[in-house]
Amino acid sequence: MSAQPDSFLGAAANDADAQETREWLDALSAVIGAEGGERAHFLLETLIDHARQAGIDVPFSANTAYVNTIPADQEERTPGNIEIEERLRTYMRWNAMAMVVKANRLHPADGGDLGGHISSFASLATMFGTGFNHFWHAESEGHGGDLLYIQGHSSPGVYARAFMEGRLSEEQLLNFRQEVDGKGISSYPHPKLMPDFWQFPTVSMGLGPLMAIYQARFLKYLHARGIADTSNRKVWVFCGDGEMDEPESLGAIGLAAREKLDNLIFVINCNLQRLDGPVRGNGKIIQELEGEFRGSGWNVIKLLWGSYWDPLLARDKDEILRKVMMDTVDGDYQAMKANDGAFVRKNFFGQHPKLLEMVAKMSDDDIWRLNRGGHDPQKVYAAFHKAVNTKGQPTVLLIKTVKGFGMGKSGEGKNTAHQTKKLLDEDLKVFRDRFNIPLTDEQLADIPFIKPADDTPEMKYLHERRKALGGYLPHRRQKADEKLNVPPLETFKAVLDATAEGREISTTQAFVRFLTQLLRDKELGPRAVPILVDEARTFGMEGLFRQIGIYNPAGQNYTPVDKDQVMYYREDKSGQVLQEGINEPGGMSSWIAAATSYSTNNRIMIPFFVYYSMFGFQRIGDLAWAAGDMQARGFLLGGTSGRTTLNGEGLQHEDGHSHILASTIPNCISYDPTFAHEVGVILHHGLKRMVEDQENVYFYLTLLNENYPMPGLKAGTEEQIIKGMYLLEEGAKKTPRVNLLGSGTILLESVAAKKLLEEEWGVAANVWSCPSFNQLARDGQDADRWNLLHPTEKKQRVPFVTELLDRQPGPVIASTDYMKNYAEQIRAFIPKGRTYRVLGTDGFGRSDFRSKLREHFEVNRHYIVVAALKALADDGSVPVAKVAEAIKKYGINADKINPLYA
């Protein structure tokens, strides 16, 4: 029997027949040598499958050895000038560091540092340089451009490169994180703040990976539908290993594999550290992530060790080095790079006598020079090259680096690296010497930015590489080149007209009618992107399945169970509907991809994302905020909205606050329409602003599942509907008199209350439809701000709500299916001296019939009447006894618990 290494993958001690084992290994080696790795892989998979079929339990392992995926002799060689690239990278490292350190040497009178991050780019510099020099295409003729999701904390390094390219000035670098005066640059990637530079916001951890997956999928969607040629484009996503703990980071990787998104490349910067400490001190984050991604069907490329390790691994015939590499945990790996070569010799190689013998002739400096893969330009190039040439799978690159690489004792490999913003003069000297920065000791004090002359080899190379790849990145397109025309409002007559006698519909049905009509438009119809999260039948949208099909890159390889029905479930390779399943974050990410297509693809798309309103802003609020940052354009539609409209569903489903959440996003325009014609006017207005005028806003409409007759559009009220308020029904010309404001379904309670007030209490009432208290509030705030800052102007501005109510005397009662804060926003703009009372649905929802829920939340017609009479009594217009009489008449329990606390 042949002798075996004493550490052969830790299995030799349990080997009952080492000779047989060797024969199998020799046979496999022969196959690899003669027929290649693919044949060997096939044989191994066949053997494993055969063993399982025979009843042998073969545990699945998605992990490979803790070495580079690409063997040294199979690496694609970089075509670049490594020396020049190293010098450019050195200057960018310095400039990125100088930018942050300079910003944090400012000491304003009110205190506080500006912050910034040095360590993240320090670990990413080689990867960024390789991508910018050799892989990342800008938009140009024949190429739509690659899309880059940049790890946000590394933004100083991207600015440093743009400075070298002449795209950012020294003044802008000096004003890093100082944006108010318009001279500075943003802390992180923000399209809103740097609209011609950054494409995607990525520093809300986890959102970048999630959005990128759906962005890559949307590129495939556009190509399949013949709207844009995206066949040669890639989506590159840079993440930190710590960021992968965010559920969103890994939440959609199954979709990417299932849909074979080979245009998607994740690059996970595995520097083994989070903000506070190691990501997996007791384990191995790279192995863990490999298992997650390989198990989901991704192509995984591990790049762990730099070229200096290659000779040692070649000599590792007994695989002792590989075993120590595998057995060493991340907390210890971090310590190796936080110390020196002597420490590594003792604590890493010292784990086995043969390893100490292997490095006996190496100095401590030689050992310290043993680099991690992410800092080796040749190996990074090889990994990137393999990734871009992978077909049929998304790829993830797990690249091991050192956080704070080059920062020395101030931060390299230290737990404090992320928070290090300031470097002492001695640290600057170490940094300079390590990277051979051409500065004297005297010059160091000023921490000057470095930019070689334009005619130097480095600068020529810098520009030549970007010219070869189509231009400079990152770059963001602000408007699409194409011009699309929105059909006139009359096109949607079916939505605007009153319903026939005895006919009732919901505002959800009104929306579907509008969308159906839009799909018939030859120019805009193909650009509509209906997005659903498994609720099409709830919203009456199942007709779209047959009409335009559900997008599936594989088509439909089965016969749907409802094939014999008119509206059967039809999937198609060029389908138009995006059906995301029970997955609101995924639906929102698809919506963002479509809503920003004008910028990323030079194609205007019109996304309509329909979902249960309770599961919108409350669930995906961070994505909605990111959409605002990205200048998204499209429609969000919260179906089954309102706290009391979705009877029977209960606390988790009944939305009474989405409009309050929507109001926090400056470029989100939100409406709570009651009638079909309001839906039609608002949607048409949104199309004009977002499609025809290419304005950077997006619209949110809440839709109802409650049927009732629709009164039809009253000519001349279109502008008032958009502004947020118009007179629906005017009361008798008599006193006492009140004004009843409402939105959504509760407006109908106001209409019913008007009748009760006039018939039972002799009170005239105007009824105002207020499709948007948010818009009314913003208009009022704008006017108030202008008046504050222009006190000497004779003509002061008047808020729209003030202007309308000035013409109609009497107290004002506002009632909605949302929390009181929604309508409270306009209190400051009610005409002076007028009583204003607000009814709303504060508190947790519950299951019951609509009438019972409205009674519980005190927003039904009876409570509106009582509120109106109380306001009149407070004004001295009716006796207070009338209020008590109404409470008794309507059987209101005056001592019941406040619904807020019920």
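N739 is buried in this predicted model, with a relative accessible area of 0%. Buried means under 20% relative accessible area, exposed means over 50%, and partly exposed lies in between (1.4 Å probe, protein chains only). N739 sits in strand β15, which covers residues 737-742. Strands are DSSP runs of E with at least two residues, helices are runs of H or I with at least four, and both are numbered from the N terminus. Beyond its neighbours within four places in sequence, N739 is in contact with N766, W768, L805, Q808, P809, G810, P811, V812, I813 and R834. Contact means heavy atoms within 4.5 Å. R570 lies elsewhere: N739 and R570 are 50 Å apart in space, C-alpha to C-alpha, and 169 residues apart in sequence.

Residues are numbered from 1 along each chain as its sequence is written. The model is predicted, so local features need pLDDT of at least 70 and side-chain atom pairs count only at pLDDT 80 or more, while totals for chains, interfaces and linings use all residues; side-chain values use heavy atoms, with hydrogens and water left out.

The chain has 902 residues, of which 57% count as buried. Its secondary structure comes to 36 helices and 18 strands. The C-alpha trace spans about 105 × 75 × 55 Å along its principal axes. Among contacts with a separation of 6 or more, 77% are between residues 24 or more positions apart. The accessible surface of the chain is about 37600 Å², and carbon and sulfur atoms hold 50% of that surface. These areas come from the Shrake-Rupley method with a 1.4 Å probe; for residues, only the protein chains shown count as cover.

A nonpolar patch on the surface is formed by W24, L44 and L47. Together the three residues have about 320 Å² of accessible area. Patches are made of residues with over 30% relative accessible area and no salt bridge; nonpolar side chains (Val, Leu, Ile, Met, Phe, Trp, Tyr) are joined within 5 Å, and like charges within 9 Å. L44 belongs to helix α2, residues 37-53. L44 is partly exposed, at a relative accessible area of 40%.

Charged side chains number 103 positive and 117 negative. The centres of the two sets lie 3 Å apart. Lys and Arg count as positive, Asp and Glu as negative, and His and the chain ends are not counted. Each charge is placed at NZ of Lys, CZ of Arg, CG of Asp or CD of Glu.

A salt bridge is a side-chain nitrogen of Lys or Arg within 4 Å of a carboxyl oxygen of Asp or Glu. The count by this rule is 46 salt bridges. One of them joins D433 and R432, at 2.9 Å from N to O. D433 is partly exposed, with a relative accessible area of 47%. R432, in contrast, is buried at 10%.

K688 and E692 form another salt bridge, at 2.7 Å from N to O. Both residues lie in helix α28 (residues 676-692), four residues apart, or about one turn of the helix. K688 is partly exposed at 29% relative accessibility, and E692 is partly exposed at 27%.

The bridge between E855 and K852 has an N to O distance of 3.6 Å. E855 and K852 are separated by about one helical turn because they are three residues apart in helix α34 (residues 850-856). E855 is partly exposed at 34% relative accessibility. K852 is partly exposed at 42%.

A cis peptide bond joins L473 and P474, with omega about -5 degrees. P474 is in the loop between α20 (457-468) and α21 (493-496). T735 and P736 are also joined by a cis peptide bond, with omega about -5 degrees. P736 lies in the loop between β14 (726-729) and β15.

I447 is a residue other than glycine with a positive phi, near 45 degrees. I447 is located in the loop between α19 (441-444) and α20. I447 is buried, with a relative accessible area of 2%. Q694 is not a glycine either, yet its phi is positive at about 50 degrees. The loop between α28 and β13 (698-702) contains Q694. At 4% relative accessibility, Q694 is buried.
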